[in-house]
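Colleague: I would like a close look at one part of this model. Please keep it brisk.

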Amino acid sequence: MPNASQVRTYDPSASVVFLKTNERFGGLSNMAPGFPLRVNGVRIRTSEALYQACRFPHMPDVQRKIIDEHSPITAKMRSKPFREDSRPDWDAVRVKIMRWCLRVKLAQNWREFGRLLLATGERPIVEQSRKDDFWGAKVAEDGSLVGMNVLGRLLMELREQLKGDQAENLRFIEPLGIPEFLLFRKPIEAICAEGSASGPAEMEPRQPRPVDPPPPGDLAHPSLFDQPTISKGQMDIETTPPVVPPPSIAPKAIGAKNRKGYSRYRESAHDWLGAVPEHWQIVRSKYLFREVDDRTDMGTETLLSMRQAHGLIPHAKVSTKPVTPEDLKGYKRVLAGQMVLNRMQASNGMFAVAREDGLVSPDYAVFRPLAPIEPDYFVDLFKTNIYRTKFRQESKGLGTGMSGFLRLYSDRFGTIPVPQPPADEQRKIVEFIRSYDLRVRRLIRNKRRLIGLLNEQKQATINQAVTRGLNPDAPMKPTGIEWMPEVPAHWEVVSLKRVCFLHRGYDLPDDKRIDGPYPVVSSAGIIGSHNSFIASGPGVATGRYGSTGKLFYIDEDFWPHNTALFVSRFLGNIPRYVFYLLQTLRYEEHSDKSAVPGIDRKDLHDIRVVRAPQEEQQALVDWIDRELAEVDQTIEKISSEIHFIREYRDRLVADVVTGTLDVRHVDISVPLEEPSVDDAEDLEEELGTDDAEIMEGADADE
């Protein structure tokens with residue numbers, strides 16, 4: 001139960017409240033993606049994963065399981081079975097550890113997280129929670145938020161420090177002075193803001209100014225919060241260390257000696273934008289772009305679709321969905337060189353410049369430049385986190401309570417200030433980014449091909465074990481199955497329904513929900529958690545649509561979403577053996593040919609498969625697990641490299657288009673070539689900026 005003296009009551013209308021990570025201030029949550037950390041050289045995706053890992057300094061294997069999870073929710077759930085083995089002083093040190101995690105999050109995401117904190121102004125920060133009134137606050141009957149709100153108060157504490165004259169000291173974090181402060185059995189070292197981009201104008205060195213004390217009764221409780229430890233004088237960093245690219249993608253033109261900013265800056269007069277080079281102008285976008293609304297009455301022009309990584313490209317190259325001229329009547333015409341905005345995806349950076357004349361969705365906005373400018377420069381600018389956040393602020397719902405359908409209307413877009421470098425400098429910036437993009441795309445494509453080869457190796461290993469066994473000298477018998485002509489003589493050839501029973505996922509009714517959270521398994525894998533339960537683990541699930549044949553093994557209770565098929569009965573077989581057996585099926589041969597191809601359990605139950613005796617199944621599973629372990633580690637390492645490359649690319653582009661880095665002196669030595677859509681192995685993942693939920697709604701015409 002919360003300590004009554006620490007409970008606070010907040011008015012939501014006068015507070016900064018966050019609940020979901022995709023909200024305006026969702027980045028304040030420990031669950032928020034996009035704020036990666038690095039501790040002792042180990043890359044950690046979120047502050048939640050770091051916090052949970054700190055529970056188990058004596059259990060490095062558990063720390064690894066937590067840190068390896070891609071989702072912060074699953075990282076948190078991964079720690080649940082071991083909670084009773086948390087460090088013995090956990091309750092006494094957890095607030096200190098949380099404060100330290102937030103400091104690390106700020107130091108290593110100085111620009112983005114710092115601006116988000118400062119954007120809260122002087123308002124109370126509150127994490128709204130449905131059931132946790134220690135870290136957050138719950139909604140009371142009168143609509144107020146009541147709870148200890150420890151996370152919100154730690155964030156307010158950090159915000160006040162960030163406003164103070166010793167803010168630069170926040171870039172350096174000493175290890176906590178608590179016993180066994182370890183990561184993978186090694187003492188956690190001091191952390192400096194290594195690789196962070198330079199901060200917003202309000203975080204640049206400035207004259208000391210008095211800091212107002214916190215409101216009475218808030219953050220002044222020594223029984224909960226000890227005094228923050230910022231060692232004055234330990235670090236006097238006047239400028240942020242430059243971003244250092246991975247050696248494999250660092251063009252010589254931006255080597256360490258060439259990375260530098262402009263000689264003089266001036267304040268932009270907009271806190272969220274910060275300082276800009278002195279010779280750049282700040283103008284509202286309506287003075288740069290004018291909306292045009294030219295509709296086709298024929299529908300015979302080329303339909304263009306917008307994609308995050310490739311911009312506007314012919315619809316026929318990315319979709320098999322047929323469209324007729326009649327369908328396209330009333331669509332908007334766009335000319336080469338004009339800029340297009342997806343109004344509903346502005347906060348996801350969905351802007352593009354048309355490379356050819358064509359048609360776009362009537363729900364998009366088309367803009368023509370009003371002056372000789374480089375629209376590509378502004379598209380790159382509008383894709384940065386700074387502007388994506390601003391677009392979310394300026395977007396409006398379609399109606400009351402429709403916050404999930406926000407649109408950036410043209411009048412609001414027109415009022416947003418943007419930096420305008422001289423035209424020749426815009427061209428130089430665009431050339432630099434395009435040449436760098438080409439290197440990044442080539443490198444990522446090669447790494448993805450390597451992952452593809454490794455996955456083929458994994459599949460061959462599974463097929464060998466599941467269809468032929470481990471004994472090369474075992475007698476064989478024919479099966480009558482084309483793709484599996486013979487199997488060990490003592491194995492059975494049976495229909496799949498004699499090995500396992502598949503069931504459809506559900507939209508869970510209210511009367512089936514119990515306390516969770518439990519992983520939610522969809523056609524895309526584990527997509528989050530839900531306070532619901534319907535299938536007991538362990539389990540195996542696959543997608544019914546789109547991702548058919550992509551299987552997931554879940555070793556705990558889970559909720560199968562209605563886009564998934566899951567194994568509800570294993571009929572005496574070892575679950576993980578069934579998982580590997582199902583990977584040998586040829587799902588494409590059993591997928592229907594509808595507009596959205598998919599499979600159903602009835603299509604699979606009669607498939608002929610081979611089943612090893614139960615006493616052999618565990619040996620097969622153990623052998624496959626051992627053989628795949630090293631391959632999986634290699635794939636994970638390559639995937640992490642791809643993520644780091646993408647992350648660095650986004651930060652570099654943001655620094656260049658906002659004037660943090662000066663590239664006027666850079667020699668563009670790489671030939672400028674537009675990456676071919678036809679050559680892309682995976683259109684939406686090549687630069688890693690598209691996620692499934694975003695892309696589903698990216699095109700109103702699809």
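Colleague: In which strand does leucine 551 lie?

Modeller: Leucine 551 lies in strand β31, residues 551–554. Strands here are DSSP runs of E, at least two residues long, numbered from the N terminus. Leucine 551 counts as buried because its relative accessibility is 12%. Buried means under 20% relative accessible area, exposed over 50%, and partly exposed in between, with a 1.4 Å probe and protein chains only. Glutamine 583 is 32 residues from leucine 551 in sequence. In space, the two sit 7.0 Å apart, C-alpha to C-alpha.

A word on the source. This is a predicted model, with residues numbered from 1 along each chain as its sequence is written. Local features need pLDDT of at least 70, side-chain atom pairs count only at pLDDT 80 or more, totals for chains, interfaces and linings use all residues, and side-chain values use heavy atoms, leaving out hydrogens and water.

Now confidence. The protein averages a pLDDT of 79 (the predictor's confidence in each residue, from 0 to 100). A score of at least 70 is reached by 76% of the residues. Across residues 194–257 the pLDDT is below 50. That stretch still has 137 contacts (heavy atoms within 4.5 Å) beyond near neighbours in sequence. Residues 674–702 also have pLDDT below 50, with 75 contacts beyond near neighbours in sequence.

Elsewhere, 3 strands form an open sheet, ordered β1-β7-β6, with antiparallel pairing. Two strands pair if DSSP finds at least two bridges between them. β1 (8–10) and β6 (138–139) stand at the edges with a single partner strand each, so one side of each lacks a neighbour in the sheet. β6 pairs with β7 (residues 145–147) over 2 bridges. Lysine 138 stands opposite valine 146 in β7.

Notes. Helix = DSSP H or I, 4+ residues; strand = E, 2+ residues; numbered from the N terminus.
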